[in-house]
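Welcome! Take a moment to look over the sequence and the 3D view, and then we can walk through a few places together.

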Amino acid sequence: MSNRSKTNDFDCIVIGGGHAGVEAAHAAAKIGAKTCLITIGKDTIAKMSCNPAIGGLAKGQIAREIDALGGLMGLAIDATGIQFRMLNRSKGPAVQSPRAQADRQKYQDFMRRALEQTANLTIIEAIATEIITENNRVRAVACKDGSLYSTGTVVVTPGTFLGGMMYIGSERWAGGRLAEPPSVELSQSLKRMGLELGRMSTDTTPRLDAETVDMSKLQVQPGDEPPVPFSFMTEKIDRPQVPCWITYTNEKIHKLLRDNLHRAPLSSGQIKGADPRYCPSIEGKVVRFADKKQHRIFLEPEEENIKTIYCNGLFTSMPKDVQEQILSLLPGTENARIIHYGYAIEYDYCPPIQLKPNLETRKVSGLFLAGQINGTSGYEEAAGQGIMAGINAAGKMQAAEPIVLGRDQAYIGVLIDDLLTKGIDEPYRMFTSRAEYRLTLRADNADRRLTQIGKSVGLVDENRWRRFQDKLEAIGKLKNYLQSSRSQGRGLWEQLRQPNNTVAETLSGRPDIKNAGFRRDVVQAAIIDAKYEGYLAKQERLVASLQTLENKKIPLNLDYNEITHLRAEAKEKLSVFRPSTLAQASRIGGITPADITVIQIHLKSSHFATE
């Protein structure tokens, strides 16, 4: 340490300016912590290295939750989105998810400006190489240029940069992202601190020159009119939207891929990690779904003026000549020019069972991990972890209680709980099916679930809070009106509760509703509350019945081997996962209700504080 130039102190240092790092740095600084974001370059902040899109099934809910807590993602996509769609419109609100295509560069620019305008936040262009600890507590971060920054907490959000290796066919080179170097020293620093590291991999898609794609052969996919915003602070989006296009693979492409499987880095053994199940390569899909005659490919613009096309669904690390042949056989891209070839990237991650529920590592006090380092995939999953890590890192410096979202409170809560209780050996992706309380965790009510929490930690400002209170008041007024008004001899509220009723479709157009000036989101909230009133009451009773286990704390240093009558398998798994509550223990694979009962008895007899 004596050889380095020590600089001014920070309360929190965030390493990495990707989607997790942006939300972590913004949250920590806005809460009041003196924060530093160390990033390789300001021009790569919030870079969308994969598809320039936000949201999607379950991911849209996470983006709305980040916004409700006071984060940046929703505001950024509303300001820079070029096509907006609500997925699953024909299904119930519980599984409807917003998604938007972004102008890649404008999204980055928005995030950079937002961080530059955030009080208490300093952005430093550097490469972090070492996290310095003392007595298993974070003390400083050292950088490649010789600088040393003292701090009480560190949030590590390195994306795919840790020990990153990139592959196209037999080509192999070190990198964290296209044309950017990997972070090797930081991986070694984490290992020296006693953290276990593993390897994961993922593929990207070719990018095409839009002028060389024949759109006339393709199915057009327009955006929704009117577009539905992501942020609860956005009144409306009234700028023009651009189309996307749909094409399909065919048997010739599938044969080409099968004939060249031996040339793919995963098949040849260059990459050791498994092909991601939820974002598989096109060659992996052809093998896994051998009976399918075609696979759908979305051709999505990367900017408002449509210069570059992202081939969503054509993830591959096949050799360049194979990628060229694939595109020559794909309707619409027969003569397309490739701007960037698809590639695979393999990188280090830290199995997340090494974390506490607040995303702090068990081994090192003050060290938080968020994003792909925890084994997740996707901007939204990363950003959701980032905002929680930022909140808790700042809270630690203020001696505040950790903020841990429950599975009944947020998809972010489901995500983090899954990371802590399930073995992650492939990139984790969120789906609505992972949330047992998805009827409650809807995209439309994220503000009603989480704005209060954002306000309590200091992340939600007065403007957002006042707007939220006005919305709650309006919903209350409308519900009172609906419950006291009748039409055709029946109460409007009761009619809304009935299946296949037509009241919901015409409610916004009723003169009494229009004249009262209720906003569209207020009307929709009241309709959904009425429709699901009975189901939600049942779910609330279920949540309440399980709350006892959620409230029963387990000491992290509990010696499971000393618990009489606990099965050997349970002792082994619990010793590895180290759950913080009985409810979390019950969600670990292989743990039975009988095991939970045995632990409860032991905690009572041992006089552990369990409330």
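This is a predicted model: local features need pLDDT of at least 70, side-chain atom pairs count only at pLDDT 80 or more; totals for chains, interfaces and linings use all residues.

Is S187 buried or exposed? Its relative accessibility is 4%, so S187 counts as buried, the cut-off for that word being under 20%. Which residues does S187 touch, once neighbours within four places in sequence are set aside? They are L162, G163, L197 and D348. With D348 there is also a polar contact, in which the two side chains are joined at 2.8 Å.

Next, please turn to strand β13, made of residues 198–203, where M200 sits. M200 has a relative accessibility of 1% and therefore counts as buried. Leaving out residues up to four places away in sequence, M200 touches I345, E346, Y347 and Y349, along with G375, I424, D425, E426 and P427.

Our last stop is a pair of helices, α12 (residues 446–457) and α13 (residues 462–484). Their axes lie 11 Å apart, and the two helices pack at an angle of about 145°. The crossing of α12 past α13 is left-handed. On the α12 side, the residues that meet α13 are D447, R448, T451, Q452 and K455; their partners in α13 are E462, W465, F468, K471, L472 and I475. Sorted by class, this contact holds 5 charged, 4 nonpolar and 2 polar residues.

Technical notes:
Residues are numbered from 1 along each chain as its sequence is written. Side-chain values use heavy atoms; hydrogens and water are left out. Buried means under 20% relative accessible area, exposed over 50%, partly exposed in between (1.4 Å probe, protein chains only). A polar contact is a pair of N or O atoms within 3.5 Å; within protein, one must be able to donate a hydrogen and the other to accept it, and residues adjacent in sequence count only if both atoms are side-chain atoms. Contact means heavy atoms within 4.5 Å. Axes are lines fitted to C-alpha atoms, for helices over the stretch in contact, and angles run from 0 to 180 degrees between N-to-C directions. Helices (H or I, at least four residues) and strands (E, at least two) are DSSP runs, numbered from the N terminus. A crossing is left-handed if the near helix is turned anticlockwise from the far one by less than a right angle, and right-handed if clockwise. Ala, Val, Leu, Ile, Met, Phe, Trp, Tyr, Cys and Pro count as nonpolar, Asp, Glu, Lys and Arg as charged, and the others, Gly among them, as polar.
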